[in-house]
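My notes follow in the order of looking.

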Amino acid sequence: MRTVNAAAPRTERWYRAVWRWHFYAGLFCLPFVLWLSVTGGIYLFKPQIEGLLYAPFRDVASGPAPALAPATIAARAVAAVPGSVLHKYVLPEAKGDAVEVLVGQGTEEVRVWVHPQTGRVLHQVAEEDRLMRVVFRLHGELLAGNRGSALVETAACWTIVMLLTGLFLWWPRQTGGKLAGVVYPRLRRGRALFWRDIHAVTGLWISLGALFLIASGLPWANAWGDYFRNIRAVTGTLEGVQDWSAGSAADADRRAIADAGMRAMMAEHAEHGAQSAMTMPGGMMMAAPEAMTAPGEKALDAVVAQAQGLHFAAPVEVSPPMAEGALWQVRSQAENRPARDSAEISGDGRLVGVQRFGQRHWIDRAVGYGVAVHEGAWWGLANQLVNLAVLLGLVMLCLSSVVLWWRRRPDRVLGAPAAFAPLRHSWLLVALVFALALAMPLFGLSLVLAAALEGAGKRLAPRLGAWMGWRAPRISS
């Protein structure tokens, strides 16, 4: 009898701890999971949404009039945004489509649609104000830059803990071989069992997909992305240009560096042709609409002609060099990242080299596949629908958790619902949590802070500890 009494508090304390961390992880994550599920669900259908938004700029060419030279089109786009320089020329997907040109000044970029025959500017919009760019930043940064990214990353890490502890608490141990309540819910056994089954069964079916979406999204996070790059630098596995965003602040820095390099190159180019040039707002030198908007007379025409022959997956961006002797960069920006290839072309149109996706480092390829699946681009509509089902499952988990807590909440206490039965200590779960803390520094830091807050709160603010559902500290005699 003495042995049983000694063992019971230890198992109950562990089970209550798991319940507590599952509950508080859910409490913190719930608004973020709902937000990320909604914004992620919208972003999944980016190709369809942008197809509708930019339909007026498809197939605008008419009649036998020839298309203007790329250099002329780029010059018209630059002239439409005073003080700008050419950043990227996007190859049109179809012969009659308007040509998209990205021009910029410093960190700001504007996308300009130019009629391929007349050179008339059809539309222009700040790149970061485009609808799907706003949704992208809402999803990854809450429109709050690095701070928002840190919040999203922390919530994502705690969502992993919530899913793991949920599976640990729910895992069927004495089912008698029955599938009801395990793989499908019991719908006619009363409200309490209905909501319990909806929560548990939904968690079972979507946990693997949700864990994948979280893991594949971490490379975009500012803090974890830096951590990942530093590890790759130390291990010598960092190769070439990263093919995914490192956050809005890092993207802005990259644009500023590129813009400064292009302007420096143009200043050198202007010195050699100053007698035939006119000064545009912002100090940019330009000879005429037919003149070049980047170093090397008519280079853009030659580079575009060569790039079109490569038949990269659309959309394809052509970027001018940023330093003397540098090469033009041609990159596929296909939604399906494993289809993204790149090339380097000299100013006279000579193909210098091509890098296929399959030639990249295996880590870059793995991340590329992960990002493609994450965005619903790897397997077309089927990929989008599977991801949408996972996101709807996460929404259902959040809503059902609120219902379960409300029905089982302790009186006048916020704390986690009472546990049903004790479990034995699970070192596997402890090991997983510690592994996550090492792999995800922001989670490790927040875990230490949360544990310290709970430990201090129980001693310094007993009433707060009771309201939160924290177990009172043991008093040594």
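I call a residue buried under 20% relative accessible area, exposed over 50% and partly exposed in between, with a 1.4 Å probe and protein chains only as cover. The model is predicted, so to speak of local features I need pLDDT of at least 70, side-chain atom pairs count only at pLDDT 80 or more, and totals for chains, interfaces and linings use all residues. I number residues from 1 along each chain as its sequence is written, and side-chain values use heavy atoms, with hydrogens and water left out.

Entry on salt bridges. I took a salt bridge as a side-chain nitrogen of Lys or Arg within 4 Å of a carboxyl oxygen of Asp or Glu. By this rule I have 20 salt bridges. Helices (H or I, at least four residues) and strands (E, at least two) are DSSP runs, which I number from the N terminus.

I looked up K46 and E335, whose closest N and O atoms are 3.4 Å apart in a salt bridge. This pair links distant parts of the chain, 289 residues apart: K46 is in helix 2 (residues 46–53), and E335 is in the loop between strand 8 (328–332) and strand 9 (342–345). K46 counts as buried because its relative accessibility is 16%. E335 has a relative accessible area of 27%, so I list E335 as partly exposed.

Next I took E100 and R58, a salt bridge at 3.9 Å, N to O. Again distant parts of the chain are linked, 42 residues apart, with E100 in strand 2 (residues 99–105) and R58 in the loop between helix 2 and helix 3 (70–80). E100 is buried because its relative accessible area is 14%, while R58, at 32%, is partly exposed. Both belong to a salt-bridge network of E50, R58, E100, R111, E127 and R130. I also noted R133 with E128, closest N and O atoms 3.3 Å apart.

Entry on helix packing. I fitted axes as lines to C-alpha atoms over the stretch in contact, with angles from 0 to 180 degrees between N-to-C directions. Helix 4 (residues 131–141) packs on helix 5 (residues 145–170) at about 55°, the axes 7 Å apart. Therefore I call helix 4 oblique to helix 5; the label covers angles that are not under 35 degrees (roughly parallel), over 145 (roughly antiparallel) or 65 to 115 (roughly perpendicular). H139, G140 and E141 of helix 4 make the contact with G145, G148, S149 and V152 of helix 5, contact being heavy atoms within 4.5 Å.
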